[in-house]
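Let us walk through this structure together, from the overall fold to the ligand and a few residues worth a visit. Please keep the sequence and the model open as you read.

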Amino acid sequence: EGPMSVQELASLVRRSEAEIIKILFFKGIAATINQTLEVETIELVAKELGITVETAQHKAEATKVTEMLESSDLDHLQRRPPVVTIMGHVDHGKTSLLDAIRNTKVAQGEAGGITQHIGAYHVDVEYNGEKHQVVFLDTPGHEAFTAMRARGARVTDIAVLVVAADDGVQPQTIEAISHAKAAKVPIIVAINKIDKESAQPERVKQELTEYGLVPEEWGGDTIMVPVSALQQQNLDTLLEMILLVAEVEDLYANPDRPAKGTVIEAHLDRARGPVATLLVQNGTLRVGDILVAGACFGKVRAMIDDRGQRVEAATPSFAVEVLGLADVPAAGDEFEVLSDEKAARALAEERAAAQRQSRLAQAAAARRVSLTSLS
Ligand code: GDP
Ligand code: MG
């Protein structure tokens, strides 16, 4: 099911409208009878009532994830690093946490030295005596996540929910929880700003239980790590917990095949032309590859990693900035490498034509509506 009004939802679940509004109220959402509720909100209500909802989005997401892997990959599967998104209410410390992890983990003076902002970065973490990697998406969490989800892209394996210990659960905290739940992405809570005098981490835990996140020490299954981004406290524990969750998530891909994945961000650079950050989700992307990203054709001219280094290849879960696209794709577009240049051009052209067509249809529909309202 898609979005529906409070009234429609009430009749669907055979409850009074007042009851639905009351549930929403306790979730911190002020709603009126005729208000249209988003799928995530409906899910919150349904959960409260002990009902599970099957949404069109769920189905789309489930297929997308499996689409990245094909049966021919099964004999070549290798573990891949987790791709992590940081979410949470404004000012709770998302940017600070991303920066703190990056600064402590990406050694200064490392090859290249300058860290490059390409919309994603990776860190190396010692875990169980082995070296592992964690990839963080640093596209402005919320919006990017929502935009990509709207396109059916599933790019994150784990969501780190940042909640400020002195401010507790806030509207965007709740939104983040429902987004992650709808996408079936496991949540790790980082209770941030524990250095503050006014910090009340236990209260944050209590508040989170109302949204189905119960800390492990209270018998639940949500990992909650108290941290301070500002004082770089407990960041190693957070990274270890991410790897722990990654371990049970079965993150595999087949590096021995042409790459496919998702566009994380893209823009037109005056000097370099279209520049896109591509997250490789299966296969290996190489310089010289021919690809189609959304409706754009391209031939990979150069790839630059998050440390500003030119690289020849990018394996699953890694993001690279790619030069050589003929156009600027949209964030959330999927990309794939094709062996045949002609076929790739034709596919890109076909998709571009389809996009023009649907834009024209929308414009025509809008005109009809305005003509009707005039007459
Ligand atoms: P964002 O909106 O979630 O990205 O939040 P920011 O990272 O921009 O942080 C918002 C404010 O909180 C800034 O003034 C940060 O300096 C401050 N802040 C972030 N993390 C901490 C922390 O661990 N401790 C304290 N005391 N302040 C923090
Ligand atoms: Mg920020």
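A residue counts as buried when its relative accessible area is under 20%, as exposed when that area is over 50%, and as partly exposed in between, using a 1.4 Å probe and the protein chains only. By that rule Val 162 is buried, because its relative accessible area is 0%.

Before going further, a word on conventions. This is a predicted model, in which local features need pLDDT of at least 70 and side-chain atom pairs count only at pLDDT 80 or more, while totals for chains, interfaces and linings use all residues. Residues are numbered from 1 along each chain as its sequence is written, chains are lettered from A and ligands numbered from 1 in the order in which they are written, and side-chain values use heavy atoms, with hydrogens and water left out.

Now for the whole protein. Its secondary structure comes to 10 helices and 19 strands; these are DSSP runs numbered from the N terminus, with helices being H or I of at least four residues and strands being E of at least two. Of the 375 residues, 48% count as buried. The accessible surface is about 18,400 Å², and carbon and sulfur atoms account for 51% of it; such areas come from the Shrake-Rupley method with a 1.4 Å probe, and for residues only the protein chains shown count as cover. Among contacts (heavy atoms within 4.5 Å) with a separation of 6 or more, 72% are between residues 24 or more positions apart.

Which residues have the most contacts inside the largest nonpolar core? They are Leu 97, Ile 101, Val 123, Phe 136, Leu 238 and Ile 242, in a core of 30 residues. A nonpolar core here is a set of buried Ala, Val, Leu, Ile, Met, Phe, Trp, Tyr and Cys residues joined through side-chain atoms within 4.5 Å. At least two residues of this core come from each of strands E4 (83–88), E5 (120–127), E6 (130–137), E7 (158–164) and E8 (187–192), and from helices H5 and H9 (235–248). Helix H9 supplies the largest share, 7 residues. Setting aside residues up to four places away in sequence, Ile 242 touches Pro 82, Val 84, Val 134, Phe 136, Ile 158, Val 160 and Ile 188. There is also a second, separate core of 22 residues, which includes Leu 44, Val 189, Ala 199 and Met 224.

Let us return to Val 162, which lies in strand E7. Beyond four places in sequence, its contacts include Ile 86, Met 87, His 92, Lys 94, Leu 97 and Asn 192.

Next comes ligand 1. Of the 15 residues around ligand 1, Asp 91, Lys 94, Thr 95, Ser 96 and Asp 195 come nearest, where being near means having a heavy atom within 4 Å. Helix H5 (residues 94–105) gives the most to this shell, with 3 residues. Oxygen atoms of ligand 1 lie 2.5 Å from an N or O atom in the side chain of Ser 96, 3.0 Å from a polar side-chain atom of Lys 193 and 3.1 Å from a polar backbone atom of Leu 230. The protein covers 73% of the 580 Å² of accessible area that ligand 1 has on its own.

We finish in the loop between strand E9 (224–226) and H9, where Gln 232 is found. Most residues other than glycine have a negative phi. Gln 232, however, has a positive phi near 50 degrees, and Asn 234, in the loop between E9 and H9, has a positive phi near 70 degrees. Gln 232 counts as partly exposed because its relative accessible area is 40%, and Asn 234 counts as partly exposed at 32%.

Conventions
A polar contact is a pair of N or O atoms within 3.5 Å; within protein, one must be able to donate a hydrogen and the other to accept it, and residues adjacent in sequence count only if both atoms are side-chain atoms.
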